[in-house]
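Visitor: Could you take me through one part of this model up close? I'd like the place where the two chains meet.

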Amino acid sequence: MNRLLPILVLLATADAVSGQQAIDFEKTVRPILQKHCSECHGAKTQKSGLRLDARHGFFKGGDGGPVVVVGKSSESELVRRIVSTSSDDKMPPEGTSLPPDEIELIHRWIDAGAEWPETDYDREAAIDPRLKHWAFQPVQPVAVPEVSESAEVLGRRLNEIDRFVLAKQYEHGLKFSAPADRRTLIRRATLDMTGLPATPDRIAQFANENSANAWSNLVEELLASPHYGERWAQHWLDVIRYADTHGFEVNTPRENAWHYRDYVIGALNEDKPYDQFVREQLAGDVFNADAATGFMVASAVLLPGQIGADDVSKRLARQDALDEIIVGTSSTMLGLTIGCARCHDHKFDPITARDYYSLQAYFAGVEYGDRPLRDADFEKKKSQAAELNQQIAELQTQLQSYEPLARAGRTLLLDEENKAVVTYLKQENGPGTNPAGTKPGYKDETGTLERVGNISQGRYTWWNNVPGEDVMTYNPGVAGHFQLWLSWGAHGSGVHTRDARYVLDRDGDLSTQEDQTELARVDQYYLANVTEGHTEQVPLWSGLKNVGQIELSSASKIILRGGDTGTGITADIIVLQEVPPQGLAGDGKAWLDALPGLRAPVSPVQNIEHFTPVVARFVRFTTFETINNNQHEPCLDELEIYSSRIPGRNLALASAGVKPTSSGNYSDIGIHQLPHINDGQYGNDHSWISDQHGGGWVQLELPEATEIDRVFWGRDRNGKFPDRLPIRYEITTSLDGQNWTTVARHEDRVPMGVPFDAVQALVRSQPADAPANLSELVSELENLRSQKTALETPVMVFGGTFREPDMTYVLQRGDPEQKMDATTPAIPVVFAALNSVAAESTLDSISSPSGAIPNNDGTLTAEQQRRLNLANWIASPNNPLTARVMVNRIWLNHFGRGLVDTPSDFGVNGAKPSHPELLDWLAAEFIRSGWSIKHMHRLILNSATYQQASLIDSRAAELDRDNELLWRFTSRRMESESIRDCLLSTSGELNLQMGGPGFSFFKSRGGLDGFPPLEEFTPNEMRRMIYSHKVRMEQVPVFGAFDCPDAGQSMPRRGRSTTAIQALNLFNSPFVADQSERFAARIVATGATSLEAQVSSAFEISVGRKPSETEKTAAEAVVRDHGLATLCRVLFNSSEFLFIP
Amino acid sequence: MKFNTQPLTHAGRGLLQRRDFFAQTASSLSAIALTQMLNQQGLLAADTASGPKIDPSRPHAPRQGHYDAKAKNVLVIFCAGACSQLETWDYKPELIKQDGKPMPGGPSVTFQGPAGNLAKPQYEFRPYGETGKMVSDMIPHLAQQVDDFAFVHTLTSKTNTHGPAENFLSTGFVQDGFPSIGAWITYALGSENQDLPSFVAIPDPRGIPQASINNWGPGFLPAVFQGTAFNSSQPIRNLSPPASISGGKDLAARDLLRRINEEHLKLNPGDSDLAARIASYELAAKMQLSVPEISDLSTEPEHVLKMYGADDPNDPIKTGYARNCILARRLIEKGVRFVQLFNGAYASAGRLNWDGHSALREQYDIHGRIMDQSSAALIRDLRQRGLLEDTLVVWCTEFGRMPMFQKGAFGRDHNPNGFTAVLTGAGVKRGVSHGVTDELGFKAVENVLSIHDLNATILHLLGLDHTKLTFTHNGIDRRLTDVHGHVIREILV
């Protein structure tokens, strides 16, 4: 009736004023629209997306665009439709059309400008109804309801939870069940909180305890148990689909993933505040919690080999990997299903595709990979490593004084394959290639006291052996007095000649024989200096044989001549080292040694030139060749000069008045200027570069002539740049700058890439004044260095690795080939619109979180800042979802169902909360307690609600079948992990060792055989199941059948199905049979000898009670006839054993 | 008044977790009696809006679909490794002409790397039957039945990687963790046979397929609907107790367990989970007898073994596959709802499955011989026994192969753009070909179809509307066909 009234008024008014007056919209037009249009285009229904009962909809139009042209009724679709008579498009489509006077009014109203004053109704209607969704509203303070304490609850301690629950029950004619008995209670709480059974002793103690605090003491005991974290971490891992493999068909192990699992267990046990936990999941790298970043990358991911070689496949794989991060984060923490917005605006929730990509932008720099774990332990180790520095430096200085002396004279390494220094007289048959490995004669041999490392390039050359026939010559091309070392290819086959001849041809003219002298005969069956035993039947490098000193002219050659025996003859590298004219003075010991003095290969980091002390005013470093065929000009970052008279002081520093000069400089400004050569600063940024490719010199002039014995030089002491390195060079000194003496050169350094053991080399070349324990000092240094390296090498964890973020684009239908607008990180617009969290301002104000660990340069990277912004928004007490979602997850795992029954969907399409006030109270309490998860457990466990019996009351069940109103405790089958853990605990086989890499349930992984189950078990496999190596998509033998999630998709609430396959596994598997035997043995070991005692003990340990009379009779009969293990097998399969009561 | 804060809009909510199934449980019933009672009370099962009604203690009970079904059972012959359309069913004369030439406008890089030149089919094609369908010499036995087959030549996949593509074919999603088609179907329809699993996956004698148990996994559906994997040589794990447990011991244990569980149920009247557990042990006991029986092929007559090619002791792989084919027929005969028969195993450079990258002809000579005769015999046998009246047979593979060889190789790379599936049996037209790929067989051009369409069609033949068969997981009403799929009506009678 009320509705009609204004219409009548309107008609009258319209007649009276005949359009001369302004049209009163509220009184005239709105009622027409209301009457004729709102059924199909109103608040409830909007056919064709058109809403005509409210201002915003009217002017916005429908799916086909605007329906009104203001001022022009004749062009307005709305008017066309209401006057149309065609059944195809007339409006309203059915029933009578609008009366002519109403049509006329609409005409006039539109032509007059369609004045529609906005009312509260319009304003309200303009708000997207989805924004009013309960879960998007701020958590509101809620008053705890008063409840009259009925008879049923008298004597119980009621807490806030109970009052909310009771108030709801009373509304529906329900009431609490009786309290559960004490045995049930302790079994329930222990299984629920730790996933392990209460021991018979503890049950008995609790059952007999009269103290009023017995229960709360038990609760505290359980909360303090380290097994609490192991149990509850599993719930979290289910949600984030944690696994120890990468998934998809190859499903390779993710070896370092377990750190995340241990992190979660630890965080729960220490009751890490949940808001901080959240921050660490998304930005653990900022909070010294690297393992926590495993959260973002917990899902399966395609490895590079599984992604197509084409770019389209690569882009799709990247998009898919990012999608998993977004979906995981939003569903886990916010209870939002956001994945569908990858392709289109969310169907139910106010999340647009643009929101999706704006969220993606937060993660645009995240990759799946291993990252260093910089936890407290790592920091400790780092400082321990720093403590070693002093010791290492001291030893280093000490040992440096024994550094092998550089040869001022020439050293020649003549390789038989280097045609510049050898001549082949016969066609060779081919090379012999040394096998890989470090044994004597192998390719990678690094040398011993008796042998230098393999300098032969790993190959020798061989010819047919004809007695007396010359096969090749070495052509040194230098004159002087030299010591000679030979090497050849040795082989145990016995075909090599046993008496190869080496002949010096003084004039180099092979046709003249009188100048020839036989230098040595060599047995090519053996390695150098070996004369008996067997030689391996592989191509070996002989090592060096010292054959004494020879005098060479620049034309002299050394001939290799066929021996009398054997069918093959080999040649390999020879070494010549110049004997100084002054003879054997000074470093004479080395000259008498069997081995040449060969020093370490040139290093781009640092090289030490140790020489006989010399008095000098000028020191010059001349380069003849740089690495990579003189590709660049040589670079030195610092040239240092030392004297053992003034230990530890660099005499070359500009600050001491030393003047540098050079043959030419790459640049006189910037980072490579000449003054950098002796500025005391290391690294590429403080280096000198010559102006010649592969050449040039730099020299230092000391203030006065000084005795010196060491020069240190390097290309980049910081170890970043290996290019521009001088590999042929000479160091000369002078007193006057005119006459120069060579003190060191590159020639006695072995070529780069040759295996070289610096320690052995040092010991081999021990100078006379070296201490006796030199080799011990060296190994001590090595030891300290490797200790330091080990301490400094971080443990790697699978987690996020971070880089410069990619540009993020909105993608058409989620397809990376269809980019649309670029977008930047932003929280979904709905939250900004709701003003529940002032998005941007919040983000600004939290840019420097307390406890954040900045990078080396003292700031967070922009990429870190992105993730931290998102984390801080999620972890904000103002976020309407975060606390609600988490308290609901906690509730769910205590009671078997959540207050919101869709734990990962708090969106419009999710379930409504059964107790909205309680949910909000808990959320507020969670935040108030400092986001303490243990506080929530404590509240729940101490509630009378939790402590009810689980018996089904048929009257209550009639009213509330699913126990949504909590009129009893819902008992339920345990999860697969608890079943196994309890079984092992009961049999006495459980290994309670915590943490570390997971054990495997499988003999081998993947491929054709899939994952064959392990059949033999060691104590390691008897650890709790959370410590197993979780193989994605693969069911764990026996226990996997109990709805164990496969880590493919998130599993916020486990299924609890009952299947015949479960029965087969639990009843028939050898594992359970074996554990039954062990359980039986355990019972016997406790001294239970009588049938009665054994049966009683079996029940008490497994189900926490004595058997009933009928059970006792039946069980004793079975034990008598079939053994105690048969009863144990039965108990492991019994419902009572498998259920949380 | 019944309390209901939420009308049960979430399909599957509370499914199999219901506790009050026995509103008034009589505590003294034996397990068998309980099962009978459950039978009668089947209607009490979880009432979900769109999901099927499922009795928690008889989850495999037969259930009605959305409308009348043409087919009751499904047999899928799954050629793992991507069997080439060009060497089987999709005849391309133009490709023969263009042999050795570069493909105009073709991709320069495909899944594994650079593409080579076009390569003609590696087998001769010849016409068969009244329809004259051109089929390759690789599969002469299957070719004999082309007049009974419906071909779809224009399937496409979303991915060119085996694992995700097998996921896609079997679950409708490329990701891990979604329910397999067999799980969806047994969830919807239960089984006609209460002594055997309702969904059996039969892995190839050479090993498991690439996406492994994803092909028969339950995803987020209740575990009870997952496929049970066994074949003629690999029995179900833990089907029987260990040898150390004698028959008498086992019987005593079983008996005592039932008594203890019944005792426990008596103290917790009305708890349907407890009743379901008792029933599950009864079914397990039945399977313990029925599975070995059905796997025992010694009762098959000689001529059957010969027809399937299961009689060659010198060819264990071919014989193994042939025996799997016989097992598949026996399962279908017994009313097992969904049988998934694999031909081909894991990635192995084409040695053990259809992944012919390097030397396709050589590899397909091996695989064709194994697959052709036994598969053809299986389909023929089903038809002769009248089982195709209500059984749908689908021959499929995860994607196709490129018309060109890979550079420097004699094999074809992955191609998700147009490949063939074959359907026959209940509700399927005979002798039709639907959809056309381009003249080189590179991509589908006419009536392009997706895997979702194939899956929608399979569900349709079983009387299921693919848009209505849903299960709510993490806030989303999930379907086998995601938000896609159209029934391929052109090939249906």
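Guide: Here's a walk along the contact between the chains. First, the ground rules: this is a predicted model, where local features need pLDDT of at least 70, side-chain atom pairs count only at pLDDT 80 or more, and totals for chains, interfaces and linings use all residues. Residues are numbered from 1 along each chain as its sequence is written, chains are lettered from A and ligands numbered from 1 in the order in which they are written, and side-chain values use heavy atoms, with hydrogens and water left out. Counting contact as heavy atoms within 4.5 Å, chain A puts in 95 residues and chain B 90 residues. About 7,500 Å² is buried between chain A and chain B, with carbon and sulfur atoms giving 58% of that; buried area here is the accessible area (1.4 Å probe) that two parts lose on being put together, summed over both. On the charged side, the rule (a side-chain nitrogen of Lys or Arg within 4 Å of a carboxyl oxygen of Asp or Glu) turns up one salt bridge across the interface of chain A and chain B. Its partners are Arg1129(A) and Asp250(B), at 2.6 Å, N to O. The most comes from α29(A), with eight residues.

Key. Helix = DSSP H or I, 4+ residues; strand = E, 2+ residues; numbered from the N terminus.
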